[in-house]
Amino acid sequence: MTGIADGVGAVTATPAAGTPVQPPSTMGLGVSLPPADSAAKTSGTFPYAADLWAEGLLWAAVLRSPHPHARIVSIDTTQATEMPGVRAVVTHDDVPGDASHGRRVADRPVFAKDLVRHHGEPIAAVAADHPDTARLAAAAIAVEYEVLEPVTDPEQAFSAEPLHPDGNLVRHIPLSFGDPDVVGEVIVEGLYRIGRQDPAPIGAEAGLAVPRPDGGVEIYTASTDPHADRDLAAACFGLEPERVKVVVTGVPGAMGEREDPGMQLPLGLLALRTGHPVKLAATREESFLGHAHRHPTLLRYRHHADSQGRLVKVEAQILLDAGAYADSSADTLAAAVSFACGPYVVPHAFIEGWAVRTNNPPSGHVRGEGAMQVCAAYEGQMDKLAAKLGLDPVEIRMRNVVATGDLLPTGQTVTCPAPVAELLQAVRDAPLPVLPKDDPEEEWLLPGGLEGAGDPVAVRRGVGYALGMVHMLGAEGADEVSTATVKVTGPVATVICAAVETGQGFTTLARQIVQDVLGIEEVHVAPIDTDQPPAGPASRGRHTWVSGGAVERAAKMVRTQLLQPLAHTFGMSTELLAIADGKITSYDGVLSTTVEEALEGKELWATAQCRPHPTEPLDETGQGDAFVGLAYCAVRTVVDVDIEIGAVRVVDVTVAQDVGRILNPRQLRARIEAGVAQGIGAALTENLRTSRGVVRHPDLTGYALPTALDVPDVRIVKLIEERDVVAPFGAKPASAVPVVTTPAAVAAAVRAATGRPVNRLPIRPQAAVVNRG
Amino acid sequence: MTLPGTLDEAVAALAAMPAAVPVAGGTDLMAAVNSGLLRPAALVGLGRISEIRGWRYLDGHALLGAGLTHARMGRPDFAALIPALAAAARAAGPPQIRNAGTLGGNIVTAAPTGDALPVLAALEATVIIAGPEGSRREIPVSHLLAGVDLLNPGELVGFVRVPLLHAPQTFLKATGRTGPGRATASVALVLDPARRGVRCAVGAVAPMPLRPLEAERWVASLIDWDGDRGGLDPQVTAAFGEYVAAACIPDPLPPQDGSEPIPLPPAAIHLRRTVAALARRALGRALA
């Protein structure tokens, strides 16, 4: 590994004045505490949903539509029902509660009734005593379709017949900020297309539903938002929420709202219908068809600048392909429109955004939603402006960067730290990787790989820069609340909080927070189910902020309960007592006892909530204080391009990020590296292709994820610790912003290497070819 | 599942259980089983047949066992013998696949992207097929891949006979990423100094490897076979690349009615350009 060990070496810490210097410790905040489950995960013993088992379980299979758009003339389940071993077949007629569901709008049927609106939409489900029987029976359900012409071009959605009773327009935001008549001295225009990235979690969806004696059902699944999934399931099952319990199992990868309700709902229905536990493990193909993807986006931009390269006005049209159902597309559009100008000061902005229905695969929340698509476009525009004005790409960005106190085009003032100029400077000043011209050729990993066709003569190197921003937490008035309980018994503390560990490291962080507040080393985090109070979805960096904040408050309440009697006895306030390494000492050293003794055999419990300051929805001109907080990063990439065949290899990625405060250096580094890897995938290979609405190659050969050879070592040259005063611990979530920024930086580097426009992600080989003839 | 110890036992096992499917590395077969496309009634495992796991020399040829894994073919001793096949084997996927996948499996699966196939086509290799009661028949690999001659039920690919040419060979592959991936196009090129020939095959652009015979003959006529084979004008290697690419990805036939010919779609133009670059580089490296 090049770069800095654990991300701490080159960190310029700027702690608030008066922060005490802490001695080196192996626990608490700021330490690289390893995750408690890493040994189980590496040795393969960590239980995921696909490993679940129950006595007498049945196997489920879901019948999915082979057509992207078709009228269902009839569904005949007779043959399937009569197959030996089949215990139940359910269709839309068997949904006892709400026939439709959705994360924001209930517009998606549990099972398609009259109409299928996307390839892979669930139509029926079967429970049988063997997985093969279930699959065969699902295939034996006779569905007569009247195939309809699919609407697959989002631009056609406006004029097409409505695909849904709610119409084809999911949301429209005409953001207007400043004077529309202003014109810049220099104008550049661009058209950008962003493809369909799939979350491609390494573990496909799986679950087990167990009927309860009270007529309810328990669903064991890798949910990332268990309470929302419970409410949705209860409504569809026609049950009170209390009678449905979602139990969270190990999550094998998530980058947004992970689970596919098209699988959980049939599972629960079949368990209720048969009275038996029912298990389902999706195939890779079903996984690709079922869950939500990143919104494919079409962007038209016009940037106006003065002769010095200062931005005057940005005009843009942003069209998101929502797929057949609304899901969280309204939120994605809000982010895309709000961040359409990027982390730059723009006095006048006119951004019109639409999210429309099509018969393409469903889109939904994927990390960096909206922000990633616009970043590729506005950074492409900045490169164009630089070229037109003859300015250095870094220089033009430097002249326009936003800082704390500036306005977003939504009229919201940036109140949090926004050290964008410092980030850009850090990646610019980092040394460039040396050209391998003196190395023997075999040590130079050429585009195309070790045994590839790479030819050094045809390889051009390019350097590209990008700045990106994301918002943190839900926006536009979402009630972002989390509740946590901390319990202390003897030398052990337990955290009970329904914040799902998706790999983002929340359980490790929760342990560190309790260690920090209570000085107790052994901290356990309880398994999660919906009998606990809700903590909300594991997305948009919420849990570091709201759930971490709730854990800290609960731990502090326990601390007060623990120290109050002691402080009272010794006639001092609890603030004069310190807890470290399981020992309680007073400031003067007179009192020294252990936590265990102070507890006197008692068990201490406290529950607390964290709710950040409220936000407001964007109004009809796209104005409003819609976001709780913002995070920024700067990325420089170096690429090698084989300009004859268009193969691209990312040679170096240098990152500087605005993180607020480093809570766990190793974990932070891992999050940034993961984000960069995902960004490289979006830039070069990841695109779920469709042909007239039908998903092509829904497998991990056809959908190429980046491998270890595609992702270089990530150099983190600067982590700026300017604490966000409104955030608990002052920390900013770190996962999303590298995903947002890296694709734009890769595109910029390919642009620099080839001189081609590169206005489409992922970058196709033909777009990176230079015609020398 | 039966595990015979010899090729003839394996053929006998297949004859005894006509519904059984032979399995070697299982990298294609088991993927089909796992995705529910295939439910074989029984399996005949070929992993214990030591006679097909290695290779031996046979009058100027190498007789390669069908059970040779890609990992084994990728090693330096094999690379000294048949460099292009070794390069294809090393490019054939991640280590897990190369450790399991076999030469025979690559031939029988006959996927358009099978990396060994263009090499075997360029080498004009033959397969030796084991049949009932110890019978053997030998057919060109290309006949098997083109469907001119099929594997009959109960037969197994036992060996692949490859000429030892003692001259440079290259295999080049273009993929979508730097890590292992399926070929979008591949080119195998071998020199045959004894017959003064250049043989080239293009993989992944068609259901089977394609041989640009005219381009081969043309470029072979320009090589100084009695000298060091070097000194070919760069324009000649470039023209060879274009020649190969145009042969493998031809222009659409002009319409009957004499109207304007339909141009190649952009993706096909890019593929043709890629094949041209690969063929040019392959020839350049073989003659370097």
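1. How many bridges join strand β5 (residues 126-130) of chain B and β6(B), and in which sense do the two pair? In this predicted model, the two strands pair in the antiparallel sense, over five bridges. One position in this pairing is Thr126(B), whose bridge partner in β6(B) is Pro140(B).

2. Five strands form an open sheet with antiparallel pairing, in the order β3-β4-β7-β5-β6. The edges are held by β3 (55-58) and β6 (136-140) of chain B; each has a single partner strand, so one side of each is left without a neighbour in the sheet. Direction ignored, neighbouring strands of this sheet are turned by 25 degrees against each other on average.

3. A helix also meets this part of chain B. Helix α1 (residues 7-16) of chain B lies across β5 and β7 (156-163) of chain B, and its direction makes an angle of about 140 degrees with β7(B).

4. In chain A, strand β3 (residues 86-90) deserves attention. Five of its five residues are buried, and the strand is described as mostly covered. Its antiparallel pairing with strand β7 (residues 122-128) of chain A runs over four bridges. Within that pairing, Ala128(A) in β7(A) is the residue opposite Val86(A). In general, strands of a sheet pair through backbone hydrogen bonds, either parallel or antiparallel.

5. The last point concerns the contact between the chains. Chain A contributes 25 residues and chain B contributes 23 residues. On the side of chain A that touches chain B, eleven residues are nonpolar, eight are polar and six are charged.

Note on methods. Residues numbered from 1 in each chain as written. Chains lettered and ligands numbered in written order. Predicted model: local features only at pLDDT ≥ 70, side-chain atom pairs only at ≥ 80, totals over all residues. Contact = placed C-beta atoms within 7 Å. Nonpolar A, V, L, I, M, F, W, Y, C, P; charged D, E, K, R; others polar. Buried ≥ 20, exposed ≤ 12 C-beta atoms within 10 Å, placed from the backbone. Pairing = 2+ DSSP bridges. Axes fitted to C-alpha atoms, helices over the stretch in contact; angles between N-to-C directions.
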